[in-house]
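Q: I have a new protein model to read. Can we go through its sheets, helices, loops and voids in turn?

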Amino acid sequence: MVTTTVKQTLQRATPESQGITSAAILGWVEALESQVHEFQSFMLLRHGKVVAEGWWKPYGRDIPHMLFSLSKSFTSTAVGMAIAEGRLSLDDSVLSFFPDEKPAQVNEHLAAMRVRHLLSMSTGHDVDTMPFLTSRADGLWTKAFFEVPVIHAPGTHFLYNTGASYMLSAIVQKTTGEKLIDYLQPRLFEPLGIEGAAWEISPQGFNMGGFGLNIKTEDIATFGQLYLQKGMWQGRPLISEAWVEEATKFQIANSNNGPDWAQGYGFQFWRSQHNAYRGDGAFGQYCVVMPDQDAVLAITSGVADMQQPLDLVWSMLFPAMGAQSLPEDAATQDKLTKKLSSLALLPVGGKSGSAQAAKVSGKTFTLDENEFQIETLGFNFSDSNWTVTIKTAGKDATTIPCGYGDWKAGQTTVFNRPWETEPMPLMSSGAWTFDDTFTLIARLYHTPFYQTYHFQFLGDMLTVQTRVNVSFIPPKVVTLTGKAE
């Protein structure tokens with residue numbers, strides 16, 4: 001195992017001592033690298049102990065990661081805790097928590113919507129309400145939720161609805177007087193040893209609920225282990241066993257978008273093949289709980305096909321977990337340890353110099369109007385310090401350092417969403433991939449995303465081709481053009 005000074009909550013053990021071969025894990029990791037490509041971290045637990053873990057450089061064990069919809073499972077947990085404390089019930093009317101935002105016209109379906117329908121994604125809507133919430137100019141997202149027509153009787157129609165998760169966050173705050181993250185801090189995060197959790201907040205002052213939570217890989221694994229233990233942690237219940245059962249069992253049939261998206265939905269948890277269940281988030285953030293194998297798998301990644309990693313779990317890891325401990329296999333354990341300690345996403349491959357470098361170093365190029373609102377690009381290719389400086393409309397210029405043959409730390413506001421003001425940390429690498437082309441990869445290493453830029457210099461002209469690795473719309477190559485000032 002890789003040693004570290006970072007706080008570890010979970011115990012470590014060899015794979016064989018917990019009934020799984022090191023060879024099976026090694027084969028799975030090699031398959032990930034050859035078939036999936038953009039894994040960023042994983043942690044595998046068996047019988048409550050970590051048997052394998054790895055981070056692909058420049059990602060690291062101490063770095064929080066954006067969970068996207070895996071956040072929903074934490075929101076569900078807060079609701080379960082609030083119910084156990086008598087603050088609300090599954091059958092409370094959703095409208096009852098928001099008397100000042102009740103629409104003038106309330107149809108029978110909206111009137112019948114209960115907390116359980118928010119949890120099971122069966123609110124009766126025909127569309128995800130979240131875009132209606134985020135586009136509301138006055139920031140009253142809960143009011144926007146009630147204005148989206150409720151077409152079906154609640155409980156009869158599954159529709160993945162992130163706005164429903166936001167409403168759960170709002171309900172927790174209204175009934176407890178605390179933001180979701182503050183409510184969970186003493187009840188969940190502190191007992192599990194989760195430090196530094198952060199959760200995005202809406203203009204209305206509620207945590208996002210359906211997304212926006214940032215925690216580390218071990219935190220995800222610990223959360224999964226808590227659920228595997230039916231809510232018990234170090235001899236005391238953090239979550240009621242009854243809630244764990246309700247939240248993770250089949251509540252409603254869901255659509256067939258792949259084998260693991262056709263097993264039914266619980267309360268902000270997905271049912272999976274092999275009697276497993278999971279929280280998951282966009283682009284491959286997973287907390288997979290496998291009760292039949294007494295195992296948990298936490299994953300962060302940046303993948304477009306979210307079924308592919310799960311297929312490899314079911315075909316390679318799941319069947320390799322036996323009922324009994326196995327003889328130690330020191331030779332294969334050593335191979336696995338070396339593999340896990342050397343995991344890396346390769347920096348840009350290419351040359352360290354080009355005849356073009358001296359010609360363009362120090363120059364600034366003004367770009368034609370473009371969808372990214374990039375106004376200028378500046379380049380520095382001095383021997384000791386390669387940088388690309390990007391100026392976008394309405395923002396200060398930010399300079400991205402480029403490591404050669406390695407990743408170099410920096411920060412930028414270039415990729416910020418409209419409501420984000422703080423610079424985002426990144427790791428970047430660059431090289432001359434052709435005599436006239438410098439390639440830069442900028443990894444926002446707290447997220448699944450990285451951006452690739454190919455800068456082609458032709459005299460005073462610059463052509464930029466850029467693409468993000470994954471996106472909620474199909475990623476495309478965008479071409480920008482500019483001229484030296």
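What follows is a tutorial on reading this predicted model.

Q: Start with sheets. Which strands form the six-stranded open sheet, and in what order?
A: Read a sheet by strand order and direction. Here the order is β2-β1-β11-β10-β9-β8. The sheet is open and its pairing is antiparallel.

Q: Why is one side of β2 and of β8 left without a neighbour in that sheet?
A: Look for strands with a single partner. β2 (49-55) and β8 (270-271) stand at the edges with one partner strand each, so one side of each has no neighbour in the sheet.

Q: How many bridges pair β8 with β9?
A: Two, in the antiparallel sense, with β9 spanning residues 277-281.

Q: What should I keep in mind about side chains along a strand?
A: In a regular strand, side chains alternate between the two faces of the sheet.

Q: Which strands does helix α1 lie across?
A: Pair each helix with the strands it covers. Helix α1 (residues 22-36) lies across β1 (39-46), β2 and β11 (295-301). Its direction makes an angle of about 155° with β1.

Q: Now the three-stranded sheet. What is its strand order?
A: The order is β3-β5-β4, open, with antiparallel pairing. β3 and β4 (198-199) are the edge strands, each pairing on one side only. Two bridges join β4 to β5 (residues 213-215). Trp199 in this pairing stands opposite Leu213 in β5.

Q: Next, hairpins. How many residues lie between β18 and β19?
A: To read a hairpin, check the pairing, then the link. β18 (residues 437-443) and β19 (residues 450-458) run antiparallel and are joined by seven bridges. Six residues lie between them in the hairpin. Arg443 stands opposite Tyr450 in β19.

Q: How many residues separate β19 from β20 in their hairpin?
A: Two. Gly459 in that turn has a positive phi of about 65°. Eight bridges join β19 to β20 (residues 461-468), and the strands run antiparallel. Thr452 has Arg467 in β20 as its bridge partner.

Q: Which strand does β20 pair with through six bridges?
A: Follow the chain of partners. β20 is joined to β21 by six bridges, again antiparallel. Gln465 stands opposite Thr479 in β21. β21 (residues 478-484) also pairs antiparallel with β12 (residues 364-367), over three bridges. There, Thr366 has Lys483 as its bridge partner.

Q: On to helix packing. At what angle do α2 and α8 cross?
A: Take the axis separation and the crossing angle together. The axes of α2 (residues 71-84) and α8 (residues 180-192) come within 10 Å and cross at roughly 75°. That makes α2 roughly perpendicular to α8.

Q: Which residues meet in this contact?
A: List both sides. From α2 come Phe74, Thr75, Thr77, Ala78, Met81 and Ala82. From α8 come Leu180, Tyr183, Leu184, Arg187, Leu188 and Phe189. The contact divides into nine nonpolar, two polar and one charged residue.

Q: What backbone torsions deserve a check?
A: Most residues other than glycine have a negative phi, and most peptide bonds are trans. Look for departures from that pattern. The peptide bond from Lys57 to Pro58 is cis, with omega near 15°. Pro58 lies in the loop between β2 and β3 (65-66). Gln234 has a positive phi, near 50°. Gln234 sits in the loop between β6 (232-233) and β7 (236-237).

Q: Finally, voids. How many cavities of 30 Å³ or more are there?
A: Ask for count, volume, then lining. There is one cavity of 30 Å³ or more. The largest cavity holds about 60 Å³ of space. Its lining includes Gln40, Trp55, Tyr59, His65, Thr217, Thr300 and Tyr445. By class, the lining residues are five nonpolar, six polar and no charged.

Q: Which residues lie nearest the centre of the second largest pocket?
A: Met66, Asn214, Glu420, Met424 and His446, out of 18 lining residues. The volume of this second largest pocket is about 380 Å³. Its lining divides into seven nonpolar, seven polar and four charged residues.

Methods. Residues numbered from 1 in each chain as written. Predicted model: local features only at pLDDT ≥ 70, side-chain atom pairs only at ≥ 80, totals over all residues. Heavy atoms only, no water. 1 Å grid on protein atoms, 1.4 Å probe; cavity = no way out; pocket = protein on both sides within 12 Å on 5 of 7 lines; lining within 4 Å. Points joined across faces, edges and corners; volume = space filled by probe spheres on them. Nonpolar A, V, L, I, M, F, W, Y, C, P; charged D, E, K, R; others polar. Pairing = 2+ DSSP bridges. Helix = DSSP H or I, 4+ residues; strand = E, 2+ residues; numbered from the N terminus. Contact = heavy atoms within 4.5 Å. Axes fitted to C-alpha atoms, helices over the stretch in contact; angles between N-to-C directions. Parallel < 35°, antiparallel > 145°, perpendicular 65-115°, else oblique.
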